[in-house]
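Let's take a walk through this protein, one part at a time. Have the sequence and the 3D view ready as you read.

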Amino acid sequence: ETPIEVITKMKIALEEAVVNVINYSQMPAGSDIDFSLETNDTKDGHQLVFTIKDTGVEFDPTQHNKAILDGDPTERPIGGLGIHMMHEIMDVIEYLRENHHNILTLKKNY
């Protein structure tokens, strides 16, 4: 993958992750969502690490099934495509619930 392809795919995964946090976290007014982005050197190259931390209700996207893609799209259950795309695009997705915070970490090797 070219750097532009990596960035484009990662933007899609990050957008889905952020939209899910905003739409489903049920955070009270005035709550914060923290974002961080860092790069790591790995034995095979480099890795972008994006972390989203929020105080919403507990939700672990790593425990949810991928979307059903077979059959007629009008007959499929609603939801799950964002999580599916995150799993397809990112190399690692990790979730941690710590001190009443959801911590979602998305990693992409490049």
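Predicted model: local features only at pLDDT ≥ 70, side-chain atom pairs only at ≥ 80, totals over all residues.

## Starting with helix 2

Residues are numbered from 1 along each chain as its sequence is written, and side-chain values use heavy atoms, with hydrogens and water left out.

## The overall layout

The protein has 2 helices and 4 strands. Reading from the N terminus, the order is α-β-β-α-β-β. Helices (H or I, at least four residues) and strands (E, at least two) are DSSP runs, numbered from the N terminus.

Of the 110 residues, 33% count as buried. The accessible surface comes to about 7400 Å², and 52% of that belongs to carbon and sulfur atoms; areas like this come from the Shrake-Rupley method with a 1.4 Å probe, and for residues only the protein chains shown count as cover. Now take the contacts between residues at least 6 apart in sequence: 57% of them join residues at least 24 apart.

In soluble globular proteins, nonpolar side chains tend to be buried together. The largest nonpolar core in this protein has 16 residues, and those with the most contacts inside it are Met10, Ala17, Ile52, Met86, Met90, Ile93 and Leu106. Two or more core residues come from each of helix 1 (3–24), strand 2 (45–54), helix 2 (81–89) and strand 4 (101–109). Helix 1 gives the largest share, 6 residues. A nonpolar core, by the way, is a set of buried Ala, Val, Leu, Ile, Met, Phe, Trp, Tyr and Cys residues joined through side-chain atoms within 4.5 Å.

Leaving aside residues up to four places away in sequence, Met90 touches Met10, Ala13, Leu106, Lys107 and Lys108.

## A pair of rings

How many aromatic pairs are there? The count comes to 1. Phe35 and Phe50 form this pair, which is tilted: 6.1 Å centre to centre, with 35° between the planes. Phe35 sits in strand 1 (residues 33–42) and Phe50 in strand 2, so the pair ties together parts that are 15 residues apart in sequence. The rule is that rings of Phe, Tyr and Trp (its six-membered ring) pair if their centres lie within 6.5 Å; planes under 30 degrees apart count as stacked, over 60 as edge-to-face, and the rest as tilted.

Are these two residues buried or partly exposed? Phe35 counts as partly exposed because its relative accessibility is 43%, whereas Phe50, at 12%, counts as buried.

## An enclosed space

There is 1 cavity of 30 Å³ or more, and about 160 Å³ of space lies in the largest cavity. A cavity is a set of points, on a 1 Å grid over the protein atoms alone, where a 1.4 Å probe fits but cannot get out; lining residues have an atom within 4 Å of a point. Grid points are joined across faces, edges and corners, and the volume is the space filled by probe spheres set on the points.

The lining has 14 residues, of which Asn20, Val21, Asp54, Phe59 and Pro61 lie nearest the centre. Helix 1, helix 2 and strand 4 each supply at least two lining residues, and the largest share, 4 residues, comes from helix 1.

## Toward the end of the chain

Asn99 is in the loop between strand 3 and strand 4, and His100 is found in that loop too. Phi is near 50° for Asn99 and near 65° for His100, a positive value in a residue other than glycine in each case. Asn99 counts as exposed at 63% relative accessibility, and so does His100 at 65%.

Asn109 lies in strand 4 and is partly exposed at 37%. The C-alpha atoms of Asn109 and Gln47 are separated by 4.2 Å, though these residues are 62 apart along the chain. Not counting residues up to four places away in sequence, Asn109 touches His46, Gln47 and Asp91.

Definitions and conventions: Buried < 20%, exposed > 50% of the residue type's maximum accessible area, 1.4 Å probe, protein only. Contact = heavy atoms within 4.5 Å. 1 Å grid on protein atoms, 1.4 Å probe; cavity = no way out; pocket = protein on both sides within 12 Å on 5 of 7 lines; lining within 4 Å.
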